[in-house]
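The entries follow the order in which I looked things up.

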Amino acid sequence: MRAGPLSNSEVISLLNRYYVPVSASNEIFGPRGTGPAEERAEYGRIVGAFANAKLGTGDVHVYILGPDGRPAAGLSIDRATDTAQLTAALTQVVKQLGTQPGEPVIRPKPQSQAPQSSGNEIVLHVSARHLRTGTWAEFPGENWVVLEEGEWKKLLPPAGAAAGTTWDIDPAVSRKLLTTFYPPTEDTTSADRNHIEQQFLKATLVSVSDGVALARLDGELRMERSFYPGHKNYDAIKATLIGFMDFKLAGRTIESLAVATEKGTFGSENFTAALHTLMGASVAEKKP
Amino acid sequence: MQPLRPIVPNRTEVDLSPCYDGVQIPMRLRMLILTGVFGLLAAKAVSTGGKLVEHVLQRVHESEPTRAERRMDAIGWASGLKEAERAAREHNRPIFLFTYDGNIATGRC
């Protein structure tokens, strides 16, 4: 859906001009979801109403409701991913309802948002993509990683470090950073299903200028991951890593951090992955 | 600890927010990144390992989602079902509800 109809200009225009669009992950809104009870209850009511109306239901599905919340039309995912069929259904419903076009009722904003964090935390954005085209390679997978103060301080060298000093990054911290280094796979939940065999990051203090130190990061990652959740056929992920970290020697605070794959393979395919520091609050909140 | 300045605004953020974080440097970053040049922030460390920084930022940039890959951000999504229903009643509009597994916004789905 994301790479198909939800990236189509006509569908986007229809949704913004005539509809109130909302998406609901089963992991959050479903019967066993983690979302607010009232949202999960409403999700259940909608599915029940569509079942009663014999308009079809499904975990991955498009439900179209009237302004009063009653079922209007439903599309199975097979039909919904067909842009022509989805466009026809969207158009038909607004004609039936006599909906007048207008501006989006909800202001569009980036959907992948940095999590809320305190000033003592470091927020990192991870992106990973297949180095090919086709299915599962239409867009990268993203993750947000938040390092608490007790974690990011473990990235720093011992006091008194000088150029040439090397140190090993705490394995628990590097594991937290690197377990998201995999290209898009089928992820029905956010549960970590990686089997890490080996991972490390080693730092070398390259230089110090005006009290700010630059460290080079080198590392490796070897882990296994099944493409589909619940499947036992795990593929090997192998990656060599390079990165850098700027930090203040006096205050022992990190100014910037980035790590990327030099070379990555997932089974027989190549991929790239990287992480970098981001501000503590979401980008949308920072917009003027 | 002071909030960290983003070292590589992702492409959507760059495109949607010319005044990213309300400062001018990211505006320059926008032009630099869009033209494939990472000079500005990398320049911070040019005298102290600039090639390393530039190389890593290039790798970061290659992984980040493009604006085209985030077209769904152009849709005005409600944050939840209750908000959608309130807006639908208020504006007399139908609701488009897409249900799925995982997280479509991050591509982990």
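I took contact to mean heavy atoms within 4.5 Å. The model is predicted, so I kept local features only at pLDDT of at least 70 and side-chain atom pairs only at pLDDT 80 or more, while totals for chains, interfaces and linings use all residues. Residues are numbered from 1 along each chain as its sequence is written, chains are lettered from A and ligands numbered from 1 in the order in which they are written, and side-chain values use heavy atoms, with hydrogens and water left out.

**Entry 1: B:Glu85.** I looked up which residues B:Glu85 touches. Leaving aside residues up to four places away in sequence, I found A:Glu42, A:Arg45, A:Ile46 and B:Ile95. B:Glu85 sits in helix 5 (residues 81-91) of chain B; helices (H or I, at least four residues) and strands (E, at least two) are DSSP runs, numbered from the N terminus. With a relative accessible area of 8%, B:Glu85 is buried. I used buried for under 20% relative accessible area, exposed for over 50% and partly exposed in between (1.4 Å probe, protein chains only). I also noted that a network of salt bridges links B:Glu85 with A:Glu42, A:Arg45 and B:Lys82. A salt bridge here is a side-chain nitrogen of Lys or Arg within 4 Å of a carboxyl oxygen of Asp or Glu.

**Entry 2: the interface.** How much area do chain A and chain B bury between them? I recorded about 8100 Å², 60% of it on carbon and sulfur atoms; buried area is the accessible area (1.4 Å probe) that two parts lose on being put together, summed over both. Chain A brings 112 residues to the contact and chain B brings 67 residues. I counted four salt bridges between chain A and chain B. One joins B:Glu69 to A:Arg129, with the closest N and O atoms 2.8 Å apart. On the side of chain A that touches chain B, strand 10 (residues 253-266) gives the most, with eleven residues.

**Entry 3: strand pairing.** Strand 2 (residues 61-65) of chain A and strand 1 of chain B run antiparallel and are joined by five bridges; two strands pair if DSSP finds at least two bridges between them. A:Ile64 stands opposite B:Phe96. Strand 1 (95-100) of chain B is also among the elements against which the buried residues of helix 1 of chain A pack.

**Entry 4: further salt bridges.** Over all chains, my search of the whole structure returned 15 salt bridges. B:Arg70 and A:Glu142 meet in one of 2.2 Å, N to O. B:Arg70 lies in the loop between helix 4 (50-63) and helix 5 of chain B and A:Glu142 in strand 5 (residues 141-147) of chain A, so this pair joins two chains. B:Arg70 is buried at 4% relative accessible area, and A:Glu142 is buried at 1%.

Within chain A, A:Lys202 forms a salt bridge with A:Asp168 at 2.7 Å between the closest N and O atoms. A:Lys202 is in strand 7 (residues 195-209) and A:Asp168 in strand 6 (residues 166-168), 34 residues apart. Is A:Asp168 buried or exposed? At 54% relative accessibility, A:Asp168 counts as exposed, and A:Lys202 is partly exposed at 36%.

Within chain B, B:Glu62 and B:Arg59 form a salt bridge at 2.9 Å. Both lie in helix 4, three residues apart, about one turn of the helix.
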